[in-house]
Amino acid sequence: MFMQEPMLEVQNVTMKFGSLIANEDVSFSVHKGEIVSLIGPNGAGKTTLFNCITGFYRPYAGRIYFQGRDITGRPPHEITAMGLTRTFQIVKPLKEMTVKENVLTGAFLRASSRKEAEKIAEEVLEMTSLSGKKDMPAGSLTIADKKRLEIARALATGPKMVMLDEAMAGLNQTEIKEAMELCLNLKNRGITLLIVEHIMEAIMPISDRVVVLNAGKKIADASPEEVTSNEEVIKAYLGERYHAKSKKSEHGV
Ligand SMILES: Nc1ncnc2c1ncn2[C@@H]1O[C@H](COP(=O)(O)OP(=O)(O)OP(=O)(O)O)[C@@H](O)[C@H]1O
């Protein structure tokens with residue numbers, strides 16, 4: 001189906017912490033314009049894999065390629081500069097700074113002047129529906145807006161691909177819907193997404209493909225429909241509840 005080379009290619013990555021194997025021989029790829037979700041139970045190794053891909057950890061074995069270039073073990077700022085950026089599970093905006101100033105910190109990484117950085121920041125604030133709150137101190141935002149700000153900071157670096165680590169955790173139904181719309185909006189703008197998320201109802205409808213990790217190993221890599229009816233995935237993670245629910249909604253109930 002995909003003729004061009006993958007945007008991101010993870011090849012046989014293994015990551016260990018002492019004797020604990022957090023990722024074991026994991027391979028998968030993400031193509032330009034795709035939304036791929038990485039799911040699995042707590043401790044499956046999702047965040048560790050994110051950290052390996054984005055240069056926060058050097059994998060014990062395996063290689064990672066971004067747009068055909070080997071990025072294995074490169075420092076995070078170099079990987080960001082190449083166009084691959086991420087958000088963190090625990091959001092840590094610079095609380096004393098305003099929303100706009102926070103976004104400017106990302107924009108300065110690629111802008112050659114203050115004026116250009118300002119322009120990038122304004123565009124990104126618009127894209128993430130934060131324009132109306134740009135002068136508020138980041139510390140006063142709701143959780144949902146803090147998560148948006150985290151995405152805005154990542155977008156300000158001008159990425160080709162963004163990796164979101166639990167960007168929907170702690171949000172209410174309306175906020176989750178808005179976050180889903182933002183993901184689809186980014187996809188429409190040509191940004192490739194890799195998402196770690198536990199809220200299945202939110203990610204299944206927007207994902208082109210779902211990669212499932214369990215105890216460090218990849219156990220599935222398929223369309224949302226295939227993954228939600230995969231017996232091993234249901235047993236390891238989804239449980240009968242989600243399976244039954246998604247079957248029901250297929251029939252419009
Ligand atoms: N810095 C570390 N030092 C030692 N062990 C670690 C470290 N980071 C993660 N681990 C261990 O590696 C395994 C994978 O953890 P990881 O956080 O990657 O899982 P996860 O799938 O992201 O989980 P969650 O859904 O809870 O965020 C776990 O057993 C965890 O305890």
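**Figure 1. Where helix H3 meets helix H4.** Lys100, Val103, Leu104 and Ala107 of H3 touch Ala117, Ile120, Ala121, Val124 and Leu125 of H4; two residues are in contact if their C-beta atoms, placed from the backbone, lie within 7 Å. By class, this contact holds eight nonpolar, no polar and one charged residues. Here Ala, Val, Leu, Ile, Met, Phe, Trp, Tyr, Cys and Pro count as nonpolar, Asp, Glu, Lys and Arg as charged, and the others, Gly among them, as polar. What you see is a predicted model, in which local features need pLDDT of at least 70 and side-chain atom pairs count only at pLDDT 80 or more, while totals for chains, interfaces and linings use all residues. Residues are numbered from 1 along each chain as its sequence is written.

**Figure 2. How H3 and H4 cross.** The axes of H3 (residues 99-107) and H4 (residues 114-127) come within 9 Å and cross at roughly 120°, which makes H3 oblique to H4. Axes are lines fitted to C-alpha atoms, for helices over the stretch in contact, and angles run from 0 to 180 degrees between N-to-C directions. Angles under 35 degrees count as roughly parallel, over 145 as roughly antiparallel, 65 to 115 as roughly perpendicular and the rest as oblique. The crossing is right-handed, that is, the near helix is turned clockwise from the far one by less than a right angle.

**Figure 3. H3 beside helix H5.** H3 also has H5 (residues 143-156) as a partner: their axes come within 7 Å and cross at roughly 35°. This crossing is right-handed. On the H3 side you will find Val99, Asn102, Val103, Thr105, Gly106 and Ala107, facing Leu149, Ala152, Arg153, Ala154 and Ala156 of H5. Seven nonpolar, three polar and one charged residues make up the contact of H3 with H5.

**Figure 4. The shell around the ligand.** Phe17, Leu20, Ala22, Gly40, Asn42, Gly43, Ala44, Gly45, Lys46, Thr47 and Thr48 surround the ligand; a residue is near a molecule if its C-beta atom, placed from the backbone, lies within 6 Å of it. Helices (H or I, at least four residues) and strands (E, at least two) are DSSP runs, numbered from the N terminus. By class, the shell has four nonpolar, six polar and one charged residues.
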